[in-house]
Amino acid sequence: MDSASGRKLLGFRQIAQEKLQHVFYSIPSEKDLIIEPALIKPLEHVCGASWLRKKDIDKIFKFDSKNPPPKRKQFVYLITSSLLTFKSVLDQISGYQSQTSSMMEPDIRNKQYHVLVLPSVLASFEHLLEEEGLHGIVELYNFQWDFLLLDESLLSLELPNVFADVFVRKDTTPLGSIAQSIRIFNLVMGKPHLVFSLGENAEKILHMVQRMEAAKRPHVGGKENAAGKVDQPEKEPEYSAMLILDRDRDYPACLLTPVVYCGLLLEIQPLNSGSLAVDGECNKIKNGKLAFLQDQGAAAASKQQETTSLRMSGAQDMIYLEHRYRHFSEVISLLSAQAKALGLEGKAYTREMKLHEMKEYVTHKLPKVAAAKKELFKHLRLCETIVEEIGANFEKHQMIEESILTNTNRKQIMNYILELLSSDAHRYNTLRLICLYHVTIGLTGEDMTRLMTGYLNAFGYRHLSLFHSLFQARLFPDTTNLSKTKILSQISIPTLKTPFQIEANKLKQLPTDANDTATTATTPTTDRDGGLTGGVQSTGGSVAAGGKTCPSYVFNGNYIPLVTQLTNLIFAASSFDNLNTRLGHLERLKVSGRSLTASGQPGDHTQCAPRSIKELSASSHKVALNQLLPFKEKTMFIFIVGGITYAEIAACHLLERTIGAKIVLSSDRIIAGHDLIESVVNC
């Protein structure tokens, strides 16, 4: 990333500070801040405690509904847009009000309670405020920090429950907040020449962005506005293209188990705004298993280890920067070598030292060595947890996932899942494998019944409703409308190619399923349509060090994430006709942007509604689009609605280095397959 673009990405922090400062300055005199625990880590990316104190914040408390802080000054609450959390806040405020004299009338001009809601205040909040009798006493504010820079070329909105709300509950309220943040991005970075959207929700976001921009757009192109002043023309964008993608358009990239180090870290520990918990006592694997399946002795021994955190940022952790996108099998040996080197370095400076040398070592070198050892210890603990919790069954699990992708060995796949349910069931990861099976191959009525029965027997029939939630997200078949005719039609003749495979093969996403691709290739091959089709060197079921030339290495050479392949095909297109040949079959892939105007004339600044590539190829925009492609600068901003995985991030960054592009990735949050399934289960 060049310095100018990097500084602009850092500018989102300043924008968030300005928004927060505006709210604080509107509340006179000193005040105490009460923060919902889930928002503490994200807020650290916006401002620190010293910055808050300069804005008349006296004390900072963590919100606890059962243990309210003492009432001294005005209270400012910072919470998410959860009705239950807001109800707890109002209950706490009612308790404070009951402690004051009933003879005193509340002064509505100087309200004592202020609630900042991330990302926006819901209509239900206003109704609840009136029902609780606190209208006029509590002031509500919208607050949204937009994009937080978690790592180089990695942004996040850190919005909770977007996948569950949008894809399961079909509540599109969060889309408005996402659209507002993308509008801010366009203001800071410039509106891209072409904007691609794939998915129903991605298209809705673009429509919202266009309406917002149309409502606030001044006259441009050097013309006089209503005040008689000449407006400046639109600035050139930092990114030539933008891609907005729905999570449900590529579930395998989230459900498959990654082999890269950063991806496996999220498989075992929760992530909160770029900070990973390093906890020997608890992890995602242990928490998801039944109690009697866990090793009680190991759990008791691990209780002595303290909980720390690891910042998954290359700018703050050099060890993470060096190893984040490596295959996990390489990371262990490299970390061991680093540990030995640090040990030798510590001993080397203690032999035959003179007094001034010892003083120099203790003052300058020793603290650096101690800090390096502390950081290295965190990574070694995490690697140890990965090996203990995942390593024993990892190779077999990878083979099963490959069989699911290639639609082979169905009986072996089913037996493996049933064996997990009966002997090593995991509340989320077993369900995740079932969902992967359905998304890629499709479950028959008989298999669906067996798997549901096995899961409910393991975890209880209270979870029966979650299969309907999975169906809402298109992760499971419809359990309420299975007639005998439908069941027979599902199991009559097993097909060689499933709809998923047919679509994935068109985009060359399955290197292991391509007949024209050798699995032992050492360099990526590009077919005549520009898609990556190979480049995975396989030895003993794992990707070798020399095989990191194809993005599929993040899944052991089995699958290329859709977002990576789309980005590559867009950048490789020599003309719009060429792009139509490659991606014209994707009817849901819509195109808009500053280069497309409603009339098709250069002087018009009314944005064209998103249209499919086939529609544009037969329109008046074709000439302008042919002149735009290929892009002079391969720069793209990517946003995934519903969460992005580190496997997709690693694959895109490999593509970035391979073709010399600049790609910035973002989402509402960073997730693993475990987190996606957990959000559905907890709906």
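1. Helix 19 spans residues 445-459 in this predicted model. Its 15 residues reach 21 Å from the first C-alpha to the last, close to the 21 Å expected at 1.5 Å a residue. The buried residues of helix 19 include Met448, Leu451, Met452, Leu456 and Phe459, and Asp447 is also among them. Just after helix 19, Gly460 takes a positive phi of about 105°.

2. An open sheet is formed by 5 strands in the order 2-1-3-4-5, with parallel pairing. Strand 2 (57-62) and strand 5 (138-142) are the edge strands, each pairing on one side only. From one strand to the next, the twist averages 20°.

3. Within the sheet, strand 1 (residues 31-35) pairs with strand 3 (residues 74-80) in the parallel sense over 5 bridges. Ile34 has Tyr77 of strand 3 as its bridge partner.

4. Two helices pack on this sheet. Helix 4 (residues 83-99) touches strand 1, strand 3, strand 4 (113-118) and strand 5, and its direction makes about 165° with that of strand 3. Helix 5 (residues 123-131) touches strand 3, strand 4 and strand 5, and its direction makes about 175° with that of strand 5.

5. Helix 23 (residues 562-572) packs with helix 24 (residues 576-583) at an angle of about 150°, their axes being 9 Å apart. Because angles over 145 degrees count as roughly antiparallel, helix 23 is roughly antiparallel to helix 24. Helix 23 contributes Leu566, Leu569, Ile570 and Ala572 to the contact, while helix 24 contributes Asn578, Leu579, Arg582 and Leu583. The residues of this contact divide into 6 nonpolar, 1 polar and 1 charged.

Terms used: Residues are numbered from 1 along each chain as its sequence is written. This is a predicted model: local features need pLDDT of at least 70, side-chain atom pairs count only at pLDDT 80 or more; totals for chains, interfaces and linings use all residues. Side-chain values use heavy atoms; hydrogens and water are left out. Axes are lines fitted to C-alpha atoms, for helices over the stretch in contact, and angles run from 0 to 180 degrees between N-to-C directions. Helices (H or I, at least four residues) and strands (E, at least two) are DSSP runs, numbered from the N terminus. Angles under 35 degrees count as roughly parallel, over 145 as roughly antiparallel, 65 to 115 as roughly perpendicular and the rest as oblique. Contact means heavy atoms within 4.5 Å. Ala, Val, Leu, Ile, Met, Phe, Trp, Tyr, Cys and Pro count as nonpolar, Asp, Glu, Lys and Arg as charged, and the others, Gly among them, as polar. The expected span of a helix is 1.5 Å times one less than its number of residues. Buried means under 20% relative accessible area, exposed over 50%, partly exposed in between (1.4 Å probe, protein chains only). Two strands pair if DSSP finds at least two bridges between them.
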